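Please read the numbered points with the sequence and the model at hand.

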Amino acid sequence: MKRVLTYGTYDLLHFGHINLLKRAKALGDYLIVGLSTDDFNKLKGKEAYFSHEERKYMLESIKYVDEIIEEKDWEQKVKDIYEYNIDIFTIGDDWEGKFDYLKQHCEVVYLPRTEGISTTEIKENLKSL
């Protein structure tokens, strides 16, 4: 069984997120999503609209997601790759090159973002209403 791992905040869940998860799942048989905790988002300077538990609840309803783990810090990725027997790490191509160091532990795939949609844009648009 080929196991795939991705990470993200998945706030204001939208079709771009679904496209990413669908393509991530297509890379293997079992998709694990590392969902950023509220505390980790604060460290990254992000503020999610929905809490970690609410975002987890939404992700659990998506047929492409097999398992959700907590993303608590930047450094846990190598540990997670070995703990969950990961074959492929994948993430959006806006992170291109930033996770190349993981190539010594598993395959790394940068997936293209869905054109015309982003959580940041949604938040900006909502502010202007």
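**Note on the structure**

1. F89 has its place in strand β4; strands (E, at least two residues) and helices (H or I, at least four) are DSSP runs, numbered from the N terminus. The model is predicted, so local features need pLDDT of at least 70 and side-chain atom pairs count only at pLDDT 80 or more, whereas totals for chains, interfaces and linings use all residues. Residues are numbered from 1 along each chain as its sequence is written, and side-chain values use heavy atoms, with hydrogens and water left out.

2. The surroundings of F89 deserve attention. With a relative accessible area of 0%, F89 is buried (buried means under 20% relative accessible area, exposed over 50%, and partly exposed in between, with a 1.4 Å probe and protein chains only). The C-alpha atoms of F89 and T6 are separated by 5.9 Å, although these residues are 83 apart along the chain. Residues up to four places away in sequence aside, F89 touches L5, Y7, K77, F99, L102, C106, E107, V108 and V109, where contact means heavy atoms within 4.5 Å.

3. The aromatic pairs come to 7; rings of Phe, Tyr and Trp (its six-membered ring) pair if their centres lie within 6.5 Å, and planes under 30 degrees apart count as stacked, over 60 as edge-to-face and the rest as tilted. Y7 and F89 form a tilted pair, at 6.0 Å centre to centre and 40° between the planes. Because Y7 lies in strand β1 (residues 3-8) and F89 in strand β4 (residues 88-92), this pair ties together parts that are 82 residues apart in sequence. Y7 counts as buried, at 5% relative accessibility.

4. F99 and Y101 form a further tilted pair, with 6.3 Å centre to centre and 45° between the planes. F99 is buried at 4% relative accessibility, whereas Y101, at 40%, is partly exposed. One aromatic cluster is formed by Y7, F40, W74, F89, W95, F99 and Y101.

5. Two lysines should be noted beside these rings. K77 lies over the face of Y7, at 4.3 Å from the ring centre, and the charged end of K44 sits over the ring of W74, 5.8 Å from its centre. A charge sits over a ring if NZ of Lys or CZ of Arg is within 6 Å of the ring centre and within 35 degrees of the ring normal.

6. Which residues have the most contacts inside the largest nonpolar core? They are Y10, L21, L31, V33, L59, I62 and V65, in a core of 16 residues; a nonpolar core is a set of buried Ala, Val, Leu, Ile, Met, Phe, Trp, Tyr and Cys residues joined through side-chain atoms within 4.5 Å. Two or more residues of this core come from each of α1 (15-26), β2 (30-36) and β5 (107-111). Apart from it lies another core, of 14 residues, including Y7, I86, I91 and Y110.

7. In helix α3 (residues 52-60), the buried residues are H52, R55 and L59. They cover an arc of only 70° around the axis, which puts them on the same side of α3; the arc is that of the directions from the helix axis to the C-beta atoms. E53 and Y57 are exposed on the other side of α3. The cover over the buried residues of α3 includes α1, β2, α2 (38-43) and β3 (67-71).
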